[in-house]
Amino acid sequence: MLRPSGRERASGAVPAARGAGTYLTPAQAFDALYAYCAPALVRQAYLLTGRRDLAHESVERAFQRAWDHWPEVARDPDPAGWVRAAAHDWALSPWHRLRRRYRHPEPPPPEEDDRALLDALLSLAPPYRRTLVLYDGVGLDLPETAAETEASTRATAGRLMFAREVVAERLPELADRGELHDRLAELASTGRTRAAEPAAVRGGSERRARLWTRTVAAVTVVLIGSTAMTLHTAPTHYVPPVPPGETVRGVPPRVAPGPLSDEQRELRDRLRKALLDGPERLSPQAR
């Protein structure tokens with residue numbers, strides 16, 4: 001099955017944890033949601049990616065994100081839909097193709113019919129593949145599928161029709177919607193679909209939150225230290241830069257006086273004597 005099994009499937013309600021009273025602790029409510037949704041989400045993510053490891057990783061990351069935002073998820077009218085959207089978004093992220101562990105394809109399903117159906121699904125563009133899985137696999141109606149894929153109802157209907165045509169062209173026997181739903185469920189159930197324990201998922205979310213908190217604190221300390229160092233070493237007033245020196249041309253060089261000739265020395269002696277024995281200087285007289 002691609003949807004959570006049990007009597008709650010029709011109403012969409014999440015079953016309460018065993019042994020719990022009327023009110024559940026956040027951990028008990030999370031564990032109940034995880035046990036209710038995780039196996040079906042792993043199967044859905046496998047149809048979207050064709051990789052079991054990535055399917056399990058997508059579901060774990062989605063529930064870790066749900067635990068990080070648990071007050072928001074707990075008040076959501078459809079917690080299972082909240083987690084499903086997060087798991088599908090992670091599974092279809094284009095960044096996975098850059099990761100070394102996902103560069104090579106996984107071994108295909110053992111059955112030839114399953115391999116053909118999986119190849120047909122993976123040949124679709126991610127939005128078309130997701131629309132087909134949600135509508136014909138999970139069983140959402142058209143408005144719900146459009147809301148979850150963030151598209152208009154008309155665009156979602158066009159994607160669904162195109163995806164069905166591609167699958168029917170490759171596998172004519174799957175032109176019937178009921179047969180397609182059953183084959184999708186069979187394909188998703190091949191291989192291991194067991195999800196991790198909810199306590200381990202909650203622990204991983206809390207460890208990642210602590211790591212992010214320490215990283216943010218370390219970056220903040222570095223920024224504060226660098227700002228303080230800048231304030232301490234930065235000048236407090238404007239210092240105009242000293243212009244570089246330039247060579248001045250056209251000015252005659254200063255020449256020191258050389259030795260005096262005989263005539264110059266004679267003239268110097270006469271001037272000195274005239275200053276000592278000559279007439280007094282003229283000075284204005286008052287009348």
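Predicted model: local features only at pLDDT ≥ 70, side-chain atom pairs only at ≥ 80, totals over all residues.
Of its 287 residues, 32% are buried. Among contacts between residues at least 6 apart in sequence, 71% join residues at least 24 apart.

Helix 9 was examined individually. This helix covers residues 177-188, 12 residues in total, and spans 16 Å from its first C-alpha to its last, close to the 16 Å expected at 1.5 Å a residue. At its start, a side-chain oxygen of D176 comes to within 3.2 Å of the backbone nitrogen of G178. Within helix 9, the buried residues are L180, R183, L184, A185, L187 and A188. The buried residues of this helix pack against helix 1, helix 2, helix 5, helix 6 and helix 8.

Empty space in the model was also considered. Rolling a probe the size of a water molecule over the atoms shows where empty space is left. The largest pocket holds about 640 Å³ of space. It is lined by 28 residues, of which T49, G50, R51, L54 and L122 are the closest to its centre. Two or more lining residues come from each of helix 1 (26-49), helix 2 (52-68), helix 5 (112-122) and helix 6 (126-138). Helix 5 gives the most to this lining, with four residues. By class, the lining of the largest pocket consists of 15 nonpolar, six polar and seven charged residues.

Notes:
Residues numbered from 1 in each chain as written. Heavy atoms only, no water. 1 Å grid on protein atoms, 1.4 Å probe; cavity = no way out; pocket = protein on both sides within 12 Å on 5 of 7 lines; lining within 4 Å. Points joined across faces, edges and corners; volume = space filled by probe spheres on them. Nonpolar A, V, L, I, M, F, W, Y, C, P; charged D, E, K, R; others polar. Expected span 1.5 Å × (residues − 1). Buried < 20%, exposed > 50% of the residue type's maximum accessible area, 1.4 Å probe, protein only. Contact = heavy atoms within 4.5 Å. Polar contact = N/O pair within 3.5 Å; in protein donor to acceptor, adjacent residues only side chain to side chain.
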